[in-house]
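The sequence and structure are shown below.

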Amino acid sequence: MLEIEAMIHEIYVKEQVANDPWSDSPYKELLQLTIDQRGKIGEEIISKAIKDANNSKIIIEEDVSDVNAKPNEMHYDMKVNDQFIEIKTAYKGRNNTWQHENLYKTAATMTIFIDFDYYGLYVSIFPESDLPLGKDSPIFGRKHGTLRQNRDDGYKLDFSLTTFRNFANYGNRYSIYFDADEASLEDIGKFITERILDYVESL
């Protein structure tokens, strides 16, 4: 019966794995995790990236572990330089979109999005005023957050490749793609800390 098992395995590899764009991805295990588990990974990535950037002007007032250890009605994951930061993590779906749930207008002052592609990730950061939640935002083009039914706040906001192209119109101000083989946590951290400091200085 080993011959039959080998035949089945050969067909499986050819028809399933070969047609799965995540099969060779260094991030493929993300797909096996729950939404909460992926969220936790995103929080830890950003926390370590900010620390690895080692910017003396950055003050982490509340790390992710501090925030997760207490009731959190403001919906934020870190407090850095007096900014309440929410972190959203998603991976590329079959329809080539990245889905983000539970974004709130009345919560964090900045939101960081970590969006995994097969061989890299997009890191994007926005002050709340630039998010298309209940209002237009030229950065996002025609994209708007979808308010969940029977709620006054709490939006779903999906990204597509068009969304990232819109971000690219602003250079590296809002979003950068980091290649899995070339980028480091320090690179991600430098981008994030620079954007945080730029925003704080603009206030």
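Which residues do ring pairs link into a cluster? The cluster consists of Trp98, Phe113, Tyr122, Phe126, Phe140, Phe159, Phe164, Phe167, Tyr170, Tyr174 and Tyr177.

## Basis of the report

The model is predicted, so local features need pLDDT of at least 70 and side-chain atom pairs count only at pLDDT 80 or more, while totals for chains, interfaces and linings use all residues. Residues are numbered from 1 along each chain as its sequence is written, and side-chain values use heavy atoms, without hydrogens and water.

## Aromatic pairs

Across the whole structure, a search finds 20 aromatic pairs; rings of Phe, Tyr and Trp (its six-membered ring) pair if their centres lie within 6.5 Å, with planes under 30 degrees apart counted as stacked, over 60 as edge-to-face and the rest as tilted. The pair of Phe140 and Phe159 is tilted, because the ring centres are 5.9 Å apart and the planes lie at 55°. Phe140 is in the loop between S6 and strand S7 (146-147), and Phe159 is in strand S8 (residues 155-160), 19 residues apart. Helices (H or I, at least four residues) and strands (E, at least two) are DSSP runs, numbered from the N terminus.

Phe140 also pairs with Phe167: the centres are 5.0 Å apart and the planes at 85°, so this pair is edge-to-face. Since Phe167 belongs to helix H4, the pair ties together parts that are 27 residues apart in sequence. Phe140 has a relative accessible area of 1% and is buried, that is, under 20% relative accessible area, where exposed means over 50% and partly exposed in between (1.4 Å probe, protein chains only). Phe167 is likewise buried, at 1%.

## Phe164 in helix H4

Phe164 is found in helix H4 (residues 161-168) and counts as buried at 7% relative accessibility. Beyond its neighbours within four places in sequence, Phe164 is in contact (heavy atoms within 4.5 Å) with Trp98, Asp115, Tyr122, Ser124, Phe159 and Ser175.

Asn54, which follows H2, has a positive phi near 55°.

H5 has 18 residues and reaches 26 Å, close to the 26 Å expected. Phe191, Arg195 and Tyr199 are among its buried residues, and the buried residues of H5 pack against H2, S2, S3, S5, strand S6 (120-127) and strand S9 (175-179).

Methods. Expected span 1.5 Å × (residues − 1).
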